[in-house]
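Hi everyone, thanks for coming. Please have a look at the sequence and the structure on the screen, and then we'll walk through a few parts of it together.

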Amino acid sequence: NATPKDIAAVKRQLGPIQKDLFKTPDIVIRFVDRLSFSSPVHFLGLDDAGFTNDAFFVFRGKHQARVRVQIPFHQIGNGQCEIVCESGVPAVPLLIAILNLTVISKGALPLHASAFNYNGNGILTTGWSKGGKTDTLLAFAANGAEYIGDEWVYLSSDGQHMYGIPEPIRVWHWHLQQMSYYRAMIGKSELARLWVLNIFVKSMELIESSAIGRKSGLLKLTRRIKVLLKQQMHVDLPPEKLFGKMVGAIKGSPDKVFFVASRDEPHVTVEPIQPQEIVKRMVFSLQEERMTFMSYYLRFRFAFPDLSNPLIDQAEEIQRQILTKVMADKETYAVYHPYPFSIPELFEVIRPYCA
């Protein structure tokens, strides 16, 4: 019962991938005009979530938007999970986390990563959030690489295949400053918005460096404003707009794996790393990515202490086992870079290892 607006909201989260289903779906999103409650709602937090005698609800969505969504946490990865949303939500809360747990239940692995095909090789880059995965993807895509995925990449249980979902890619102002290739793809209004924000950020920096700005009260305020402005200096673009025909079939083979991270050194460096070292680190990165979801799961357990989900409770160990298996015998490297850094330099340093 989704309206065109509801369909567009889900497409923004998952990308425009649609095929006919030939089996019972694992996840169903049902839209209704108005959610009905079987009994008075008990609220958890400041209207963030709530529960009745027989259902759990999320009331806070993306960007703190007010939503009304029913999520059966005990059903995730266990048969069919039906999410019920009031029509008009800007995004389905926790959808990617629910999808990822369902993938784990099938024996495959969702990895916080980006992926692309380059010179006949499938390249997988992973690491902590904001570590340089998207930067690497953009650097190689500007040099002819074929897009597979960004943010989340899905590895088959045998480690031989990887798949992406064409969700929007976040391109920052500093990316556009270095790469005119992408700047030409941004609309004039968005470029103007970024230009104005950049002017304000520079103004805050001038105030900070001035004698007046060094006064403690004003310094604290200008730094806070600067951080808020910098958080807005990006555009979210669909992969098909950035890469065109180079989006491809959003699949490949993870022939080479790069673990990317920033550190206090002036140049980009690449060095071999043991696969197990990546496994040990990424298990905790995956846990951190699931923290918002887990906060709602714990509220669900508070509401219904007798309803648990073994898949969610054991997710860390299950992920460690799958990750160990899929990374075994992979050609793995660590990429360390300063921040900020030169994207063309990043490409030139990594490129020889992708031969």
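Let me start with a question: which residues are linked in a network of salt bridges? They are Arg34, Arg68 and Glu86. By salt bridge I mean a side-chain nitrogen of Lys or Arg within 4 Å of a carboxyl oxygen of Asp or Glu.

Before going on, a word on what you are looking at. This is a predicted model, in which local features need pLDDT of at least 70 and side-chain atom pairs count only at pLDDT 80 or more, while totals for chains, interfaces and linings use all residues. Residues are numbered from 1 along each chain as its sequence is written, and side-chain values use heavy atoms, with hydrogens and water left out.

Back to the salt bridges. A search of the whole structure gives 15 of them. In one, arginine 34 pairs with glutamate 86, and their closest N and O atoms are 3.8 Å apart. This pair links distant parts of the chain, with arginine 34 in the loop between strands S1 and S2 and glutamate 86 in strand S6, 52 residues apart.

Is arginine 34 buried or exposed? Arginine 34 counts as exposed, because its relative accessibility is 57%. Glutamate 86, at 11%, counts as buried. The cut-offs are under 20% relative accessible area for buried, over 50% for exposed and in between for partly exposed, using a 1.4 Å probe and protein chains only.

Another salt bridge joins arginine 299 and aspartate 48, at 3.8 Å from N to O. Arginine 299 sits in helix H10 and aspartate 48 in the loop between S2 and S3, so this pair ties together parts that are 251 residues apart in sequence. Arginine 299 is partly exposed, with a relative accessible area of 21%.

For a contrast in setting, take lysine 280 and glutamate 277, whose closest N and O atoms are 3.7 Å apart in their salt bridge. Why are these two separated by about one helical turn? Because they are three residues apart in helix H9. Both residues are partly exposed: lysine 280 has a relative accessible area of 47%, and glutamate 277 is at 24%.

Now let's turn to the strands, and to S10, residues 152-155. Both faces of S10 are covered, with Trp152 and Tyr154 buried on one side and Val153 and Leu155 buried on the other. S10 pairs with S7 in the antiparallel sense over four bridges, where pairing needs at least two DSSP bridges between two strands. Leucine 155 of S10 is the bridge partner of leucine 109. S10 also pairs with S11, again antiparallel, over three bridges, and there valine 153 has glycine 164 as its partner. S10 and S11 form a hairpin with six residues between them, and glycine 159 in the turn has a positive phi of about 75°.

Next, empty space. Rolling a probe the size of a water molecule over the atoms shows where empty space is left. On a 1 Å grid over the protein atoms alone, a cavity is a set of points where a 1.4 Å probe fits but cannot get out; a pocket is an open set with protein on both sides within 12 Å along at least five of seven lines; and lining residues have an atom within 4 Å of a point. Points are joined across faces, edges and corners, and a volume is the space filled by probe spheres set on them.

How much space lies in the second largest pocket? About 1500 Å³. Of the 32 residues lining this pocket, Leu14, Ile17, Leu21, Ile27 and Leu99 are the closest to its centre. Helix H1, strand S1, helix H2 and S11 each supply at least two residues of the lining.

The count of cavities of 30 Å³ or more comes to one.

Last stop: asparagine 198, in helix H6. Asparagine 198 is buried, with a relative accessible area of 16%. Leaving out residues up to four places away in sequence, asparagine 198 touches His173, Gln177 and Met233, where contact means heavy atoms within 4.5 Å.
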